Amino acid sequence: MDLTLTINGERRSLTVDDPRVTLLDALRQHLDLTGTKKGCDHGQCGACTVMLNGRRINSCLTLAVMHEGDEITTIEGIGRPGGLSPMQDAFVRHDGFQCGYCTPGQIVSATAMLEEARQGWPSYVSDDLERGGDLSDEEIRERMSGNLCRCSCYPNIVDAIRDTAEAAA
Ligand code: FES
Ligand code: FES
């Protein structure tokens, strides 16, 4: 089965033999984009987070064949050594990672989450469902609750996200 996806701004073609290949496996094994990590493979850890047409998703929970023509952004499209995005830079400055396994997913998720908040999307803890909430630490924690870090770097991750949000305001 032949597929064409736009990944990090580039059209990429691939052939999958089995329609059950997940988007995560297509990225890592067919396209050598190994920045996106496989943690649980069950939608529980967030390590595999990518953006699909600008919105974050767990790439282990969706099939590659469902995304013909879609735009996917992986961590490689967010920034690179020597050209880090503001969120990546803030993670470095705040020491928001230790082993780094969850970090690509955290950074993709945090980047998309800031845009969701900017557009007024509410979270479970937002007081105002029409407008969303201010990006308090409680809001950041709730909006990032799908991304687990077994090293428990959460305080530093929240600091990095708050710093990036404030710098963009
Ligand atoms: S690998 Fe997808 S959520 Fe854990
Ligand atoms: S830094 Fe996140 S799992 Fe270790």
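**Domain 1 against domain 2**

Tutor: Seven residue pairs are in polar contact across the interface of domain 1 and domain 2, both residues at pLDDT 80 or more. The model is predicted, with local features needing pLDDT of at least 70, side-chain atom pairs counting only at 80 or more, and totals for chains, interfaces and linings using all residues. Residues are numbered from 1 along each chain as its sequence is written, and side-chain values use heavy atoms, without hydrogens and water.

Student: What makes a pair a polar contact?

Tutor: Two N or O atoms lie within 3.5 Å; within protein, one must be able to donate a hydrogen and the other to accept it, and residues adjacent in sequence count only if both atoms are side-chain atoms.

Student: Why is the meeting of Arg56 and Glu116 called a salt bridge?

Tutor: The term requires a side-chain nitrogen of Lys or Arg within 4 Å of a carboxyl oxygen of Asp or Glu. Arg56 and Glu116 meet at 2.9 Å, N to O, so the pair qualifies. The count between the domains is one salt bridge.

Student: Where do the domain bounds come from?

Tutor: An automatic or database domain assignment supplies them; here domain 1 is 2–78 and domain 2 is 86–168.

Student: How many residues of each domain are in contact with the other?

Tutor: With contact meaning heavy atoms within 4.5 Å, 17 residues of domain 1 touch 17 residues of domain 2.

Student: What is the buried area between domain 1 and domain 2?

Tutor: Accessible area (1.4 Å probe) lost on putting the two parts together, summed over both, comes to about 1400 Å², 59% of it on carbon and sulfur atoms. In domain 1, Arg56, Ile75 and Ile78 lose the most area to domain 2, together 41% of what that side buries.

How values were computed:
Chains are lettered from A and ligands numbered from 1 in the order in which they are written.
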